[in-house]
Amino acid sequence: MTLPDGQDGSETSAERPEVTSAPAPENTPSGAEGARIEDAGTTPAVDPEAAEAPMTGKRDQEKVTDAEPKPPSAEAPAAAATGEGARPPSAEGEKPKPAAKAARPAKEPEPKTAPKVAPPAGSVNEILAAAIGDVKIEAYLVPDLKGTSVAVEVGRDDVSAVLTACRDDARLDLKYLRCLSGVDWQEEGLEVVYHLSSFTKPHKLTVKTRITYADASVPSVAAVYPAAEWHEREARDMFGIDFPGHPDLRPLLLPEDMTDHFPLRKDNPLQEIEEWQGENLVEGAGDDE
Amino acid sequence: MVTEQHDRSLEVVDIPINMGPQHPSTHGVFRMVLVLDGEVCKDVIPHIGYMHRGGEKLMEAMDFRQGIGYCDRTEYLAQFSAELGYVMAVERLMELEIPDRAEYIRVILTELNRLSSHFMFMGAFGIDAGVFATSFTYAFPQREYIQELFEEVTGDRLMYAYFRVGGLAWEVTDNFVQRVHEVLVHTRQGLRDLDELLTKNEIFMVRCQGIGAFTADQAIAYGLSGPMLRASGVPWDLRKDDPYSVYDRFTFEIPVGNHGDVYDRYLVRLEEMRQSVNIIEQALEQLPAEGPIVAEKLPRRLRTPPGEVYSKVEAPRGEWGVYLVSKGGDKPYRLKMRSPSFCNLSALREMCIGQFMADAVMILGSMDIVLCDVDR
């Protein structure tokens, strides 16, 4: 259990003879703290601003930014109202400041969705198309942690067939349902997203299906992937999506009598205090460094 | 007194027994209804949601930097893994390049976190198995050494929020490398102690072996991950099979079980801890002595372009996934946390049916769930 005596005491005290305020070897925080603060001023390698930002320095800098006279243009309240703000992407931060600010009113609003790029030939969507026959799929690339992976959009009624093919077809071998999520796209309806992966093949696949609020139901895939059972119950709780064919679609995370409103839908607002938590940082404050 | 003529034939009924939500064996606020035939479970109905705080909804209102803190509060025994999964998702959408030194420190801390989390498992699981507090007293001091190191580095005991989008919050302490070496001495000793105490302990073996066994096919179908999946014989570890961060620069083994039972899950975790020590040693050797710890040109207000990404890390309990959908701006449009505890727990019913009631406790213990992580 205990450490051999020679290992602990002698080594540490030999390493730090200059720290006089730390007689006990366990008292490392104070000694280290002092050394670190001294270093912070002298180390040029660390970007001081970025390193300080999350720390106490952040508040002060924000106040300074607030005190600066703001550009008297009309786009600031407009940006705050939409909650998005037509900001140039981060790559354009290299531009000199005045130019960037002058360009702001002229900028068109950023697109709300990423452009859809068709996957290259030989991707997993072609294998899928061959496996499921005449089911209509729309394939595009989505970012993966390294590189990209393929996402396919299929019709609601084809989900079971597509996922069964994904699981059973030897060329696809997507036996693992790692995640099932609901997404509320407001005007564009609801979406159910299935993340599949394979243990034997290098590919992954994201299957998506869109549904409307009026007819929010997707056939259950709990029979195909038992892992979907709890995920579907959660999606029903949070988005009110019905999964016909599910063995037991009782509320899972929410109280059993809470079946009338669905927390994760966008029309279900947060409490004011919770919204405030996010809006706490003034829109645009600290934007321009 | 007139006695009625009773029907003397035995009537057999299944007895539902409620267990939890406040029960020492449920490792948190978790309730399950066991439908018993004698001592055998005929059905198990888990009830979760007691700790549900609507984290996914709350994170839609927080900007990307604020969300990091919520990850800590969700997976409070493997905070660094949770933070890493989240910041990697944002970094991928922002296409940030993380400096090497930050990546190595992340790996070292995440692996130390795996050790501390598994020490927690060893202690708690011993209690489930009837070793009483002995395993706890051996495991917890070792966990405490690691906690102390985390406290020195991050300034906090549990809610670190130390991994930031683009790198780290601040530089580690000057004697960090030396301190990690010191902690590893204790860790190795703790591993030896627990190995001697539990692995060949006859009572422990009888209590664990052959219980709650899952085949590889079942484990895959139910979406198990982490040690639960590997104990069933599937050699799948995201650190090796889908490497993120700098894990592809280390050599380590993936322990795999043969039987998929509770005992194998214990063995897999024990071996995993040795491999974690191995990884940390390599990372300490390769750690650049100095260099930036934050990505260059990091804007003060984090904004992602529109898009989506599914980020995943191998957390101590399995695959911690973050499905981040952004419409542009500084907040997630939708954030789904795929927590390993949630997915592993969904197989509880299947695992417990046909087992003794006392073994249901062992099976639940072997899952090593974190209820905050289940309920989010």
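**Helices, sheet and backbone**

Mentor: This is a predicted model. In chain A, helix 9 (residues 228-239) lies across strand 3 and strand 4 (190-197), and runs at about 5° to strand 3 of chain A.

Trainee: In what order do the five strands of the open sheet in chain A lie?
Mentor: The pairing in this open sheet is mixed. Its edge strands are strand 1 (137-143) and strand 3 (176-184) of chain A, each of which pairs on one side only. The twist from one strand to the next averages 25°. The order of the five strands is 1-2-5-4-3.

Trainee: In which sense do strand 2 and strand 5 of chain A pair?
Mentor: Strand 2 covers residues 148-154 of chain A and strand 5 covers residues 204-211 of chain A. The two are joined over four bridges. Their pairing is parallel.

Trainee: Which residue in strand 5 of chain A is the bridge partner of Glu153(A)?
Mentor: Strands of a sheet pair through backbone hydrogen bonds, either parallel or antiparallel. For Glu153(A), the bridge partner in strand 5 of chain A is Lys208(A).

Trainee: How are helix 7 and helix 8 of chain A oriented to each other?
Mentor: Two packed helices are described by the angle between their axes and the distance between the axes. Helix 7 (residues 124-132) and helix 8 (residues 159-168) of chain A have axes 10 Å apart, at an angle of about 110°. An angle of 65 to 115 degrees counts as roughly perpendicular. Helix 7 and helix 8 of chain A are therefore roughly perpendicular.

Trainee: How many residues of the contact of helix 7 with helix 8 of chain A are nonpolar, polar and charged?
Mentor: Helix 7 of chain A brings Leu128(A), Ala131(A) and Ile132(A) to the contact. They meet Ala161(A), Val162(A), Ala165(A) and Cys166(A) in helix 8 of chain A. The contact divides into seven nonpolar, no polar and no charged.

Trainee: Is Glu95(B) buried, partly exposed or exposed?
Mentor: Glu95(B) lies in the loop between helix 3 (79-94) and helix 4 (100-129) of chain B. Its phi is near 55°, a positive value in a residue other than glycine. Because Glu95(B) has 13 C-beta neighbours inside 10 Å, it counts as partly exposed.

Trainee: Is Arg376(B) buried or exposed?
Mentor: Arg376(B) is found in the segment after helix 15 (371-375) of chain B. Phi of Arg376(B) is near 55°, again positive in a residue other than glycine. With 25 other C-beta atoms within 10 Å, Arg376(B) is buried.

Note on methods
Residues numbered from 1 in each chain as written. Chains lettered and ligands numbered in written order. Predicted model: local features only at pLDDT ≥ 70, side-chain atom pairs only at ≥ 80, totals over all residues. Buried ≥ 20, exposed ≤ 12 C-beta atoms within 10 Å, placed from the backbone. Axes fitted to C-alpha atoms, helices over the stretch in contact; angles between N-to-C directions. Parallel < 35°, antiparallel > 145°, perpendicular 65-115°, else oblique. Contact = placed C-beta atoms within 7 Å. Nonpolar A, V, L, I, M, F, W, Y, C, P; charged D, E, K, R; others polar. Pairing = 2+ DSSP bridges.
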